[in-house]
2 protein chains.
Amino acid sequence: MSDAPAAPLPTDRFIVGVDLGGTNLVVGALSVDGSRQFGMHSIPTRADLGADGVVERIVQLIERVIAETMAATGYSRTQCLGVGIGSPGPLDRERGMVIFTPNLGWRDFPLRDRVQDGVKLPASLDNDANCATLGEWWLGAARGGRNVVGLTIGTGIGGGLILDGRLYHGASDVAGEIGHSTIDSIGRRCGCGNYGCLEAYASGPAIADRAREALVGGEPSTMPTLVGGDLGRLTAAVVYDAAKQGDRLAIEVVRETARFLGTGVANLLNIFNPDVVVLAGGVTQAGDALFEPMRAEVRRRAFKPAVDACRIVPGILPNAGVIGAVATFAQRQGLM
Amino acid sequence: MSDAPAAPLPTDRFIVGVDLGGTNLVVGALSVDGSRQFGMHSIPTRADLGADGVVERIVQLIERVIAETMAATGYSRTQCLGVGIGSPGPLDRERGMVIFTPNLGWRDFPLRDRVQDGVKLPASLDNDANCATLGEWWLGAARGGRNVVGLTIGTGIGGGLILDGRLYHGASDVAGEIGHSTIDSIGRRCGCGNYGCLEAYASGPAIADRAREALVGGEPSTMPTLVGGDLGRLTAAVVYDAAKQGDRLAIEVVRETARFLGTGVANLLNIFNPDVVVLAGGVTQAGDALFEPMRAEVRRRAFKPAVDACRIVPGILPNAGVIGAVATFAQRQGLM
């Protein structure tokens, strides 16, 4: 966030936001004041194409969104100020580099400059979960929060921190890797190489893994039928569907997920004492079935003054990552 | 930290600092510029005397330190600006209340006002571990750090956070309760009522408990001899002595302690990305025997950019808590 005094936000300029996920790539544009949204197209990331292939898809989608925005508004291309990119991390923001992403398989990749070269517009890079948190703080469920923790739970678990009203990056842009905090020091193996990370219990793939393990153990469940007998097709979404239909094993898997998330969130409450924790991403779509037992676990584990000070809410923006990517670009340019 | 411009720090004024621990109570005084120290007397806290009895001991020791400072300097009592108190938490800083301390057994106790009434000087209250962290940042091992995490490991495990150069308190003054972050969600029972808190593994009493459990299991060791056969007298200090003398079981207990602490510190690196982690308190007196395997565990568990950005160091101030309590008072008065 810039220390420069904020100028009035122009409505006749727009910024493109890119939300690069392990599974999907979403691109949209917002007027700088946040009042108008354009595009918001989602396509598969296709990590299998490699970094070059993914960059090509990003650039094509940005061009499409710029064209659509111009068509919808009558603006010229010069009214597009640039591109904010949210990417899985860790990153080096200053150099615009992706240092490492387990879910895309990239190392030391100059994502910002590659996109910048492709679209001939200035670009900025920030962590995807930082962007999602900033999006919910700017226009979503965490609006008005002073100390905000955001968790984005999908293929992985990302985290973002807004402390004393500012996006907090830490000493080397790694801050907020909450998915890789240990909740069980001798626990499940994580994609990052460690054991017992929160992500190894409560990400989408981890939920599917835990359900599969319980099924292999022979517990009765409708889940095998829902995937036509092929447990390889089991996903968190299938677990949630089965739970909604009353499948006891699936319900227990969801409750366990809530307890694991509640443990991670309680740690954040005891360490950060935030006024808002906002959780978003596919895994949170279980709604109250997840949030109620999660809040109960947090109450069990966190100090009461921390619990009392904090609301734990689902994200409300379908495209928080894109919106936050726009906000990070605007902030780096001193526009907000 | 005050936003007001810092005035030149007077050398001819002094502030008394109180470091209230579960076991010992330490009181000293510093000139406001930090250049001179007086007193630094440590007496047993005597929590068994109840809150009133402990307050009486605090007030008596403050009076003694003020008298000694006046005698040593020729200053008058009016040159004593006030008293900074560091206390176990959680606290309500604004109201000067101790909300709850498991180790002293207090609830909703107006510590600041009781001390203020006793010595007839303005007082401020902050978390003991916040004070210790601020002390190491002001005059000790964390000097120059921008994002600092401090851990004080003794009877309990306290934590303090300095983020972007400011002591961070969170939404309701609970921030930094790192000892009560879960490292094993179905793990050891903690004094706070939860399971698997870092404190339940690596505080002084937890180290003694783990050693005792291993001994009851029948493992050969010199430790029973060191305590005259009475395992109730086993402390972390005894474990450390035995480890220094080459006792294999004691060495393993120290290594395990390092792994548990390393897990907690790795979580802090992945979440906060600090440039300094400073660890102090009795448990850290094992020195390299503890710090080397702890750093190794951190390297195993934390993201490399976070590891590379951070030095993990022992505290160097024998009375960081007192020094930091003075600093919190000075900051609240806008003096620094």
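This is a predicted model: local features need pLDDT of at least 70, side-chain atom pairs count only at pLDDT 80 or more; totals for chains, interfaces and linings use all residues.
Look at how strand 6 (residues 97-101) of chain B meets strand 7 of chain B: the two run antiparallel and are joined by three bridges.

What does strand 10 of chain B pair with? On one hand there's strand 9 (residues 148-153) of chain B, which runs antiparallel to strand 10 and is joined to it by six bridges. B:Leu151 stands opposite B:Gly159 here, and a hairpin of three residues links strand 9 of chain B to strand 10 of chain B. Then there's strand 11 (residues 166-167) of chain B, paired with strand 10 of chain B in the antiparallel sense over two bridges. In that pairing, B:Leu163 has B:Arg166 as its bridge partner. Two residues lie between strand 10 and strand 11 of chain B in this hairpin, and B:Asp164 in the turn has a positive phi of about 50°.

Next, a helix. Helix 1 (residues 50-73) of chain B has 24 residues and reaches 35 Å from its first C-alpha to its last, close to the 34 Å expected at 1.5 Å a residue. Just after this helix, B:Gly74 takes a positive phi of about 80°. Which residues of helix 1 of chain B are buried? They are B:Val54, B:Ile58, B:Leu61, B:Ile62, B:Val65, B:Ile66 and B:Thr69. There's a handy rule to keep in mind as you read those numbers: an α-helix has 3.6 residues a turn, so residues three or four places apart point the same way. The buried residues of helix 1 of chain B pack against strand 1 (14-20), strand 2 (24-31), strand 3 (37-44), strand 4 (80-87) and helix 2 (111-119) of chain B.

Now hop over to chain A. Five strands of chain A form an open sheet in the order 3-2-1-4-8, with mixed pairing. Strand 3 (37-44) and strand 8 (123-127) of chain A stand at the edges, each with a single partner strand, so one side of each has no neighbour in the sheet. From one strand to the next, the twist averages 15°. Strand 2 (residues 24-31) and strand 3 of chain A pair in the antiparallel sense over seven bridges, and one pair to look for is A:Val27 with its bridge partner A:His41 in strand 3 of chain A.

Two helices pack on this sheet. Helix 1 (residues 50-73) of chain A touches strand 1 (14-20), strand 2, strand 3 and strand 4 (80-87) of chain A, and its direction makes about 155° with that of strand 3 of chain A. Helix 11 of chain A touches strand 1, strand 2, strand 3, strand 4 and strand 8 of chain A, and its direction makes about 125° with that of strand 1 of chain A.

Zoom in on one residue of helix 11 (residues 320-332) of chain A, namely A:Ile323. Why does A:Ile323 count as buried? Because A:Ile323 has 28 C-beta neighbours inside 10 Å, and 20 or more is enough. Leaving aside neighbours within four places in sequence, A:Ile323 is in contact with A:Gly17, A:Leu30, A:Gly135, A:Trp138, A:Leu139 and A:Leu317. A:Ile323 and A:Gly34 are 289 residues apart in sequence, yet 8.3 Å apart in space, C-alpha to C-alpha.

A rotation of 180° with 0.0 Å of shift along its axis superposes chain A on chain B, with an RMSD of 0.0 Å. That is the relation of a two-fold axis. Of the residues of chain A, A:Asp184 comes closest to the rotation axis, at 1.9 Å (C-alpha). The contact takes 38 residues from chain A and 38 residues from chain B. On the side of chain A that touches chain B, the largest share, seven residues, comes from helix 8 of chain A, and the residues of that side divide into 19 nonpolar, 13 polar and six charged. As for how the copies meet, 100% of the interface residues of chain A are also interface residues in chain B, so they meet through the same surface.

Definitions and conventions
Residues are numbered from 1 along each chain as its sequence is written. Chains are lettered from A and ligands numbered from 1 in the order in which they are written. Helices (H or I, at least four residues) and strands (E, at least two) are DSSP runs, numbered from the N terminus. A residue is buried if 20 or more other C-beta atoms lie within 10 Å of its own, exposed if 12 or fewer, and partly exposed in between; C-beta atoms are placed from the backbone. Two residues are in contact if their C-beta atoms, placed from the backbone, lie within 7 Å. Copies are superposed by least squares on the C-alpha atoms of residues with pLDDT of at least 70 in both. The expected span of a helix is 1.5 Å times one less than its number of residues. Ala, Val, Leu, Ile, Met, Phe, Trp, Tyr, Cys and Pro count as nonpolar, Asp, Glu, Lys and Arg as charged, and the others, Gly among them, as polar. Two strands pair if DSSP finds at least two bridges between them. Axes are lines fitted to C-alpha atoms, for helices over the stretch in contact, and angles run from 0 to 180 degrees between N-to-C directions.
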